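This report sets out the geometry of one protein chain. The structure is shown below, and the description follows it.

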Amino acid sequence: MAIASSSTADSARAWLERLVAFDTTSRNSNLALVEAIESWLDERGVRSMRVANAEGRKANLLFSIGPDVAGGVVLSAHTDVVPIDGQAWSSDPWTLSEREGRLYGRGAADMKGFIAAGLSRVPAMLDARLKRPIHFALSYDEEVGLLGAPSLIEAIASEVSEPGLVIVGEPTGMRIVDRHKGIVGLRTTVIGHEAHSSQTHLGVSANMAAARLATRIGEIADRLARTAPAANGFEPPQTTVTVGLIQGGTAPNILAGRCEFIWDVRATSPAEAQTVIDEVLAYAAELEASMKDRFSECSISTEALSNVPALTGTAGSPACELVSRLCGHADSQAASFVTEAGLFELAGLPTVVCGPGWIAQAHQPDEYIETSQLAASETFMDRLIEELCR
Ligand SMILES: [Zn+2]
């Protein structure tokens with residue numbers, strides 16, 4: 001099997017340099033990066049498919065190498081990166097630079113290193129006699145709410161024979177992560193009845209009602225902490241719920257007519273998250289009824305802003321065993337960060353997270369990936385090719 005050395009034009013290192021040079025901060029288009037990969041694939045006779053967003057400014061990219069049969073492996077990664085705004089970098093974030101065994105650049109760890117390792121092995125994948133295919137699923141807008149992945153997953157379902165495994169290459173130090181919590185983000189809007197703040201009997205303060213609700217959320221959080229499960233790999237082990245943002249009222253001496261707050265529930269399963277949400281909504285309904293008794297226009301409404309599903313775990317499954325052969329680590333871990341993996345799992349595909357670099361460097365100034373981690377992900381790709389030739 002042909003293995004590119006670090007000096008060739010299509011080595012992982014060269015690809016990383018090329019990918020980092022595209023400023024794919026989520027607010028920007030990622031099309032220049034997509035085009036670069038498309039035309040490189042084109043030269044090698046690999047057909048790829050874009051799945052664009054509604055405005056056509058961004059696109060997912062899907063391509064496959066190997067026979068069109070079921071049981072292939074999806075290599076999943078996002079192409080966008082977080083902003084460098086306000087961060088002090090020691091070198092240009094868009095120019096890969098090596099210092100003491102580390103390659104610095106925005107996205108080096110999160111997660112262009114994994115994409116680079118995968119692309120570097122495309123020629124080897126083409127040369128190999130793959131019995132099962134390798135699919136590349138590159139998404140947009142992961143960092144701003146996993147916006148690209150759903151249409152990409154639909155495209156996988158309709159365009160390729162059912163894969164047997166999805167590997168999401170977020171930085172795990174090449175360890176297997178098979179569980180992470182999900183996040184449901186919600187906005188609750190409380191409408192009260194304004195009056196002079198000395199005349200509390202003539203109005204209903206939306207702020208005071210929101211405070212009661214927030215207090216109930218705090219009580220639920222405390223109860224969940226008291227009854228937390230034993231160590232389960234998560235830090236903290238229990239479902240958490242908290243209010244992140246509160247905005248209400250217009251003046252100190254007016255009973256607030258409107259208050260809204262944003263809260264989130266982070267649970268190890270969708271069912272657990274729903275239990276917490278239901279409890280909060282039941283109390284909100286009670287509160288709303290008593291407010292409406294006084295002024296009919298009062299209301300409390302809640303809408304979901306985002307829903308990142310949890311990854312619930314595949315330890316001991318064939319998928320996990322295969323990835324442990326590829327990465328050389330048998331144990332699987334829980335992650336404190338969320339990924340697109342939960343969406344793949346929800347679509348019925350066995351999914352694990354395993355990629356080069358460390359989450360500690362992600363989103364940071366002077367983000368880097370160790371050259372040894374990049375090399376480990378190249379080895380991972382080589383083993384994957386061998387595995388799929390069997
Ligand atoms: Zn990421």
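## Overall architecture

The model is predicted. Its chain holds 10 helices and 15 strands, and the C-alpha trace spans about 80 × 45 × 40 Å along its principal axes. Of the 390 residues, 45% count as buried. Among contacts in the chain with a separation of 6 or more, 78% come from residues 24 or more positions apart.

## Domains

The domain assignment gives domain 1 as residues 12–180 + 311–389 and domain 2 as residues 182–308. The centres of domain 1 and domain 2, taken over C-alpha atoms, are 37 Å apart.

Contact between the domains involves nine residues of domain 1 and nine residues of domain 2. On the side of domain 1 that touches domain 2, three residues are nonpolar, five are polar and one is charged.

## Two helix contacts

Helix α1 (residues 12–20) and helix α3 (residues 108–120) have axes that come within 8 Å and cross at roughly 130°. This angle makes α1 oblique to α3, and the crossing of the two helices is right-handed. On the α1 side, the contact is made by Ala 12, Trp 15, Leu 16, Leu 19 and Val 20. On the α3 side, it is made by Ala 108, Lys 112, Gly 113, Ile 115, Ala 116, Ala 117, Leu 119 and Ser 120. By class, the contact of α1 with α3 comprises 10 nonpolar, two polar and one charged residues.

The axes of helix α8 (residues 318–327) and helix α10 (residues 371–389) likewise come within 8 Å, with a crossing angle of roughly 130°. Helices α8 and α10 are therefore oblique to each other. Here α8 contributes Leu 322, Arg 325, Leu 326 and Cys 327, while α10 contributes Phe 380, Arg 383, Leu 384 and Glu 387. The contact of α8 with α10 divides into five nonpolar, no polar and three charged residues.

## Two buried valines

Val 166 belongs to strand β7 (residues 165–168). Because 26 other C-beta atoms lie within 10 Å, Val 166 is buried. Leaving out residues up to four places away in sequence, Val 166 touches Val 74, Ser 76, Phe 344, Leu 349, Pro 350 and Thr 351. The C-alpha atoms of Val 166 and Val 352 are separated by 6.4 Å, although these residues are 186 residues apart along the chain.

Val 74, one of the residues that Val 166 touches, is found in strand β3 (residues 73–78). Val 74 also counts as buried, with 24 C-beta neighbours inside 10 Å. Apart from neighbours within four places in sequence, Val 74 is in contact with His 135, Ala 137, Ile 156, Pro 163, Val 166 and Ile 167. Val 74 and Pro 133 are 59 residues apart in sequence, and their C-alpha atoms are 8.5 Å apart in space.

## Cis peptide bonds

The peptide bond from Asp 110 to Met 111 is cis, with omega near -5°. Met 111 lies in helix α3, the helix whose axis comes within 8 Å of the axis of α1.

A cis peptide bond also joins Glu 235 to Pro 236, with omega near -5°. Pro 236 lies in the loop between α6 (206–226) and β10 (240–248).

## Positive phi values

Leu 146 has phi near 55°, a positive value in a residue other than glycine. Leu 146 is placed in the loop between β6 (134–139) and α5 (149–159). With 21 C-beta neighbours inside 10 Å, Leu 146 counts as buried, since the cut-off for burial is 20 or more.

His 363, also a residue other than glycine, has a positive phi near 70°. His 363 is located in the loop between β14 (351–353) and β15 (368–370). With 17 other C-beta atoms within 10 Å, His 363 is partly exposed.

Technical notes. Residues numbered from 1 in each chain as written. Predicted model: local features only at pLDDT ≥ 70, side-chain atom pairs only at ≥ 80, totals over all residues. Axes fitted to C-alpha atoms, helices over the stretch in contact; angles between N-to-C directions. Helix = DSSP H or I, 4+ residues; strand = E, 2+ residues; numbered from the N terminus. Parallel < 35°, antiparallel > 145°, perpendicular 65-115°, else oblique. Left-handed = near helix turned anticlockwise from the far one by under 90°. Contact = placed C-beta atoms within 7 Å. Nonpolar A, V, L, I, M, F, W, Y, C, P; charged D, E, K, R; others polar. Buried ≥ 20, exposed ≤ 12 C-beta atoms within 10 Å, placed from the backbone. Domains from an automatic or database assignment.
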